[in-house]
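Subject: Model handover

Hello,

Here is the model for your files. Please open it alongside this note; my findings follow below.

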Amino acid sequence: MAGLACATWLHRAGRPVLVLDASDAVGGRVRTDITPDGFRLDRGFQILLTNYPEARRMFDYGALKLKSFRSGAVIQLPDGQETTLENPLHAPLMAFAALASPIGTVKDKLLLGKLVAQLAGRPPEQLLAQPSISTLEFLRQYGWSEQIIDCFFRPFFGGVYLDRELSTASNFFEFVFQQFMQGSAAVPTLGIQQLPEQLAGRLPAGTIRLNTPVAAVTEGGRRVHLADGETLAAAAVVVATDGPAAARLLGAGMPALPTLAARPTTCTYFATVGPAPSHGRNILHLNALPGALAHNVSFPAESGATVAPAGQGLVSVSTHGEHGLSEEELTARLRTELVAWFGPMAHMWRHLRTYRIEQALPVYAPGQPVQQELRLSDTLFRCGDWVSYPSLNAALGTGRQVAEMLLA
Ligand SMILES: Cc1cc2nc3c(=O)[nH]c(=O)nc-3n(C[C@H](O)[C@H](O)[C@H](O)COP(=O)(O)OP(=O)(O)OC[C@H]3O[C@@H](n4cnc5c(N)ncnc54)[C@H](O)[C@@H]3O)c2cc1C
């Protein structure tokens with residue numbers, strides 16, 4: 001996404017650009033597979049927050065036919081009971097103040113309203129530029145009870161960060177909270193890969209060379225050596241790979257980063273025959289049960305997205321972090337949890353595919369700068385979420401900034 005964003009801005013300014021991608025399709029981590037029986041499976045549960053400033057600059061939302069999730073979540077509580085929160089970040093007082101809501105104290109509910117008011121008018125860049133502590137520390141210092149942290153913040157933001165410990169930096173928490181408040185969470189009707197496909201489709205034919213791994217960048221960004229032995233000359237090079245690949249390509253020429261560590265996640269898909277259990281509500285299901293492996297569950301076809309063949313439904317189950325299980329063991333454990341959660345029909349769900357994504361999101365720790373240096377020399381640049389914070393918005397934004405530096 002960072003590389004495509006950079007190429008798009010350069011092309012818009014009339015500059016010639018060549019995109020080299022090691023993979024067989026555009027998108028990097030933003031990919032969708034089509035199975036032989038017609039399911040469209042995103043490689044991991046991903047959403048676009050429609051309010052992302054960089055996404056609004058970049059995408060034609062109408063052409064993507066975005067399907068939004070209902071704002072809110074159904075939460076399975078530690079005692080196994082379920083509660084539904086409608087609009088918790090749009091109208092928190094209504095969502096949590098309902099007498100029936102078993103989550104949080106009166107103070108917790110008031111604090112949510114306070115944060116919504118505090119974040120309302122603030123520019124997103126200002127939120128990101130703040131000094132940070134861990135999200136967990138931030139939530140505790142703000143005054144929230146352990147109950148609302150465990151039953152709402154941990155399952156909700158733990159899913160966004162792929163980090164249920166909530167060790168991710170608090171400036172990113174405030175940014176994401178605001179983005180959820182001010183927009184919706186959506187996926188293109190044909191799957192998440194439509195995002196990079198839309199950008200790629202605007203570049204002239206021949207601009208993108210797929211299946212073209214780069215082996216080295218030399219002469220300070222004047223020469224690119226492809227894995228097949230070909231060498232290309234360039235006026236400038238933008239390294240828009242993931243962090244570990246950039247470290248290999250740039251070697252000693254790359255300034256040190258606080259970390260290149262990344263968070264893993266696993267997404268397990270099942271097919272249902274007939275309607276899925278939440279019957280068209282298209283709401284995210286979150287799990288606050290300690291020790292559970294089904295951390296969040298969604299039914300992607302319920303939004304009206306064209307992701308399952310007629311008459312069948314799709315279940316997406318995310319398990320964040322390390323679980324140490326084989327695919328078979330994880331599927332069996334998930335099925336037991338899903339039967340307990342959604343009823344005996346989950347016995348009938350057919351396992352479709354499991355995606356284990358090792359480098360899903362770069363670690364973004366407290367104190368980490370919101371952006372590292374993008375310009376390595378006048379002819380060599382880098383961009384991507386790993387030089388900023390773990391989000392599509394960062395990938396798109398760093399790509400745009402590098403294009404602006406080149407144009408300047
Ligand atoms: C499961 C999952 C869920 C996510 N959920 C969300 C979400 O809900 N919201 C959100 O905002 N973000 C989410 N993200 C994060 C988001 O997808 C990333 O921040 C973003 O896609 C990063 O884009 P990038 O361009 O920086 O890097 P990448 O997507 O990693 O792209 C790097 C590119 O470099 C290419 N490459 C690597 N090495 C070479 C080489 N040697 N030669 C040539 N090409 C090479 C790769 O093929 C790839 O195309 C999620 C990510 C995952 C995996």
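Contact here means heavy atoms within 4.5 Å. Before the details, two points on the source. This is a predicted model, where local features need pLDDT of at least 70, side-chain atom pairs count only at pLDDT 80 or more, and totals for chains, interfaces and linings use all residues. Residues are numbered from 1 along each chain as its sequence is written, and side-chain values use heavy atoms, with hydrogens and water left out.

Overall form

The chain has 13 helices and 20 strands. These are DSSP runs numbered from the N terminus: helices are H or I with at least four residues, strands are E with at least two. The radius of gyration is 22 Å, which agrees with the value near 22 Å for a compact globule of 408 residues. That radius is taken over C-alpha atoms, and the globule rule is 2.2 Å times the number of residues to the power 0.38. Along the principal axes, the C-alpha atoms fill a box of roughly 65 × 50 × 40 Å. Of the contacts with a separation of 6 or more, 71% join residues 24 or more positions apart.

Core

Buried residues make up 54% of the 408. Buried means under 20% relative accessible area, exposed over 50%, and partly exposed in between, with a 1.4 Å probe and protein chains only. The largest nonpolar core holds 88 residues, and Trp144, Phe153, Phe157 and Phe177 have the most contacts inside it. Helix 8 (residues 146–161) gives the largest share of this core, eight residues. Such a core is a set of buried Ala, Val, Leu, Ile, Met, Phe, Trp, Tyr and Cys residues joined through side-chain atoms within 4.5 Å. Leaving aside neighbours within four places in sequence, Trp144 touches Asp108, Leu111, Leu112, Leu115, Leu139, Ile149 and Phe153.

Two further sites

Ile357 sits in strand 18 (residues 350–362). Its relative accessible area is 19%, so Ile357 is buried. Beyond four places in sequence, Ile357 is in contact with Arg43, Gly44, Arg263, Pro264 and Thr265. Thr265 is 92 residues from Ile357 along the chain, yet their C-alpha atoms are 5.4 Å apart.

Pro309 lies in the loop between strand 16 (296–298) and strand 17 (312–320). Pro309 counts as buried because its relative accessibility is 19%. Not counting residues up to four places away, Pro309 touches Asp37, Gly38 and Phe39. Arg40 is 269 residues from Pro309 in sequence and 9.1 Å away in space, C-alpha to C-alpha.

Best wishes
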